[in-house]
Amino acid sequence: SYEKIWLALGLGLILLLIGSVTYGAVGPGVAMVAADEPTVDPTALDEDERFADPRVEQVGENEYEAYVVAYQFGFEPDPIVVPANSTVTFMVTSRDVTHGFEVVGTNANTMVIPGEVSTLTVETSEPTEYGIICNEYCGAAHHGMEGKLEVV
Ligand code: CUA
């Protein structure tokens, strides 16, 4: 009967809508995570070998990796201590909300999103000290969220 045909058409349309909504939500979300931004479970950082113990690790002759966790309202480790005349790759993630990671007075600057690892590589030269600030509004004490980078 016509009734059944209309019912079937209506159901098909609904399924089509659900399909397009799902596709729309998943498609761009997946594309936004770049290859150099591996994902991480923000609720299980204690079990992640990179972030359970935020630290600076030597990975080559003059190469270092700094595993940094941003949180309301600070950075870990603090200070971040790296050698002069070296290449340092920061891998930064968040334990709670979206933060920023900006090394004041340099072009080193990235957004820090829970569930993602932002990577940022810098070359250090002479021993000096930099401030690190959060430049994304992240809550009541956002303006006081600071850290320190020591090049030694
Ligand atoms: Cu963290 Cu603003």
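In which loop is P77 found? P77 is in the loop between β3 and β4 (80–82), and the views below start from the whole chain and return to that loop. This is a predicted model, in which local features need pLDDT of at least 70, side-chain atom pairs count only at pLDDT 80 or more, and totals for chains, interfaces and linings use all residues. Residues are numbered from 1 along each chain as its sequence is written, and side-chain values use heavy atoms, with hydrogens and water left out.

View 1. Helices (H or I, at least four residues) and strands (E, at least two) are DSSP runs, numbered from the N terminus. Along the sequence the order is α-β-β-β-β-β-β-β-β-β-β. Of the 152 residues, 33% are buried; buried means under 20% relative accessible area, exposed over 50%, and partly exposed in between (1.4 Å probe, protein chains only). Among contacts (heavy atoms within 4.5 Å) with a separation of 6 or more, 59% are between residues 24 or more positions apart.

**View 2. Y2, I5, W6 and L9 make a nonpolar surface patch of about 550 Å².** Patch residues have over 30% relative accessible area and no salt bridge; like charges are joined within 9 Å, and nonpolar side chains (Val, Leu, Ile, Met, Phe, Trp, Tyr) within 5 Å. A salt bridge is a side-chain nitrogen of Lys or Arg within 4 Å of a carboxyl oxygen of Asp or Glu. Areas come from the Shrake-Rupley method with a 1.4 Å probe, and for residues only the protein chains shown count as cover. Y2 belongs to helix α1 (residues 2–32) and counts as exposed because its relative accessibility is 68%.

**View 3. Ring pairs join F75, F90 and F101 into a cluster.** Rings of Phe, Tyr and Trp (its six-membered ring) pair if their centres lie within 6.5 Å; planes under 30 degrees apart count as stacked, over 60 as edge-to-face and the rest as tilted. The count by this rule is three aromatic pairs. One of them, F75 with F101, is edge-to-face, at 5.7 Å centre to centre and 80° between the planes. This pair links distant parts of the chain, with F75 in strand β3 (residues 74–76) and F101 in strand β6 (residues 99–103), 26 residues apart. Both F75 and F101 are buried. F90 and F101 form a tilted pair, 5.4 Å centre to centre with 50° between the planes. F90 lies in strand β5 (residues 87–94) and F101 in strand β6, so this pair ties together parts 11 residues apart in sequence. F90 counts as buried because its relative accessibility is 0%.

**View 4. H142 sits in the loop between β9 (128–133) and β10 (146–151).** H142 is buried, at 17% relative accessible area. Apart from neighbours within four places in sequence, H142 contacts F73, C134, N135, E136 and Y137. C134 is buried, with a relative accessible area of 6%, and C138 is buried at 6% relative accessibility. Zero disulfides (pairs of cysteine sulfur atoms within 2.5 Å) are found in the whole structure.

**View 5. A cis peptide bond runs from E76 to P77.** Omega of that bond is near 0°. D78 and P79 are also joined by a cis peptide bond, with omega about 0°. P79 is in the loop between β3 and β4.

**View 6. N85 has a positive phi, near 55°, and is not a glycine.** N85 is in the loop between β4 and β5. With a relative accessible area of 57%, N85 is exposed.
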